[in-house]
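Colleague: Could you take me through one part of this model at close range? I would like to start from the inside.

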Amino acid sequence: NVLEDIKRETETKIRIEQEFAELVDQYNELLKEKRFAEAELVAKKAKDLNPGSAEAEIMVQKAKMSRQIYFNQDVRDRKADSFTRQL
C-alpha cells in the first residue's frame with residue numbers, strides 16, 4: 001500500500017509538472033503574440049495548478065505589467081499621432 005501511494009504521488013507530481021510546463025510554453029507564446037490578457041489567464045491557471053510556485057506568481061505579475069506597459073505605449077502613440085494631426 002505504501003509503495004502504491006508513493007507511486008501515485010510521484011505520478012501526480014509528474015503530471016502536474018508536465019501540465020505546468022505546457023502552460024509555461026503557452027504563456028510564452030501568448031506574450032510573443034502580445035496577447036497579454038490571455039497570457040494572464042494562462043498564468044493564473046498555472047498558479048492554480050501549482051499554488052506554491054514562485055514561477056507562476058512571476059508569470060502573473062509579468063503578464064499584468066506587460067499589458068499595462070503595452071497600453072501605456074499605445075496611449076502615448078495615439079496622443080503623438082493626434083498632436084501631429086492637429087498641427
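Which residues have the most contacts inside the largest nonpolar core, and how many residues does that core have?

Modeller: Happy to! This is a predicted model, in which local features need pLDDT of at least 70, side-chain atom pairs count only at pLDDT 80 or more, and totals for chains, interfaces and linings use all residues. Residues are numbered from 1 along each chain as its sequence is written, and side-chain values use heavy atoms, with hydrogens and water left out.

The largest nonpolar core has 14 residues, and Y27, A39, A46 and M59 have the most contacts inside it. Helices α1, α2 and α3 each supply at least two residues of this core. Such a core is a set of buried Ala, Val, Leu, Ile, Met, Phe, Trp, Tyr and Cys residues joined through side-chain atoms within 4.5 Å; buried means under 20% relative accessible area (1.4 Å probe, protein chains only). Helices here are DSSP runs of H or I, at least four residues, numbered from the N terminus.

Let's begin with Y27: in α1, it is buried along with F20, L23, L30 and L31. The buried residues of α1 pack against α2 (36-49) and α3 (54-86). Contact means heavy atoms within 4.5 Å. Leaving aside neighbours within four places in sequence, A39 is in contact with Y27, L30, L31 and A63.

Key. Buried means under 20% relative accessible area, exposed over 50%, partly exposed in between (1.4 Å probe, protein chains only).
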